[in-house]
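Visitor: Hi, could you walk me through this one? I'd like to start with the charged pairs.

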Amino acid sequence: MRPYVRTIENVELDGGHLSIDFINTVRNRFEEPQHDYLQTSADLLKWCRRLDLLSEKTLSEVESNIASQPAQAEKQIKKVKDLREVLYEIFVSIAYNRVPKRNAVQRFNYHLAETWSNFILDIREAKQVVPEWSHEHPEILQCMDPIVKAAYELLMSSELLKLKECGACGWLFLDKSKNQSRRWCNMQTCGSSEKARNYYKKTKTKNS
């Protein structure tokens, strides 16, 4: 039987929020070097499809644009990763009750301004207002719009008080447990591994 391999298409969504799951698209924040699940624009498109971030029509147009302009897509995926690291810097600071670095906040504001410039409202019928994303050309950066909007909404909500970092892998998550005592992003993965390590250490100390 083949071993289970985590990819962008099956990696756990344990963050409890779109923007947090985006931050968690690396295998382990404590690893050096880190394994990145978002290595190419194709990986990002797979993730967007999985989470239904954009319509299939839009994603197909973006896919065609990537095929015709691969060099531009390569530059844009770097910008997407920059957003991810900016969000990580901000949210991990907040998880530990620290003020995020000014530079990270400024960079997020840059992404936020770009996102709002792509956000429009369409009124198709009386009392029917439809929010939409508008881009002049289909491009991979369109995938950032719903992520940035979600991050802004989380930063402005009381849910932010539930933000924690997993002690085993460094993933971030919203602790929605009844007494907010959750320590790991996932009990079946990080929780079990951490308990096994602790048990091994105790047993080794006892027998030494």
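Visitor: Is Asp 175 buried or exposed?

Guide: Asp 175 is buried, with a relative accessible area of 0%. Buried means under 20% relative accessible area, exposed over 50%, and partly exposed in between, with a 1.4 Å probe and protein chains only. Keep in mind that this is a predicted model: local features need pLDDT of at least 70, side-chain atom pairs count only at pLDDT 80 or more, and totals for chains, interfaces and linings use all residues. Residues are numbered from 1 along each chain as its sequence is written, and side-chain values use heavy atoms, with hydrogens and water left out.

Visitor: Which residue forms a salt bridge with Asp 175?

Guide: Lys 164 does, and the closest N and O atoms are 2.6 Å apart. The pair links distant parts of the chain: Lys 164 sits in strand β3 (residues 163–165), Asp 175 in the loop between β4 and α7, 11 residues apart. Lys 164 is partly exposed at 23% relative accessible area. A salt bridge here is a side-chain nitrogen of Lys or Arg within 4 Å of a carboxyl oxygen of Asp or Glu. Helices (H or I, at least four residues) and strands (E, at least two) are DSSP runs, numbered from the N terminus.

Visitor: How many salt bridges does the structure hold?

Guide: There are 17 salt bridges. One of them joins Arg 29 to Glu 85, with the closest N and O atoms 2.8 Å apart. Here too, distant parts of the chain are linked: Arg 29 is in the loop between α1 and α2, Glu 85 in helix α4, 56 residues apart. Arg 29 is buried at 8% relative accessible area, while Glu 85 counts as partly exposed at 23%.

Visitor: New topic: which residues touch the most other members of the largest nonpolar core?

Guide: Leu 87 and Phe 91, in a core of 52 residues. The elements giving two or more residues to this core are α1, α2 (41–51), α3 (56–68), α4 (70–95), α5, α6 (144–155) and β4 (172–174). The most come from α4, with 11 residues. A nonpolar core is a set of buried Ala, Val, Leu, Ile, Met, Phe, Trp, Tyr and Cys residues joined through side-chain atoms within 4.5 Å.

Visitor: And what does Leu 87 touch?

Guide: Leaving out residues up to four places away in sequence, Leu 87 touches Phe 22, Ile 23, Phe 108, Ile 147 and Ala 151. Contact means heavy atoms within 4.5 Å.

Visitor: Which element has the lowest mean pLDDT?

Guide: Helix α7 (residues 187–207), at 56, whereas helix α1 (residues 18–23) has the highest, 98. pLDDT is the predictor's confidence in each residue, from 0 to 100. Over residues 199–205 pLDDT stays under 50, and the model has zero contacts beyond four places in sequence for them. The mean for the protein is 89, and 90% of its residues reach 70 or more.

Visitor: Last one: where is Thr 189?

Guide: Thr 189 is in helix α7. Thr 189 is partly exposed, with a relative accessible area of 27%.
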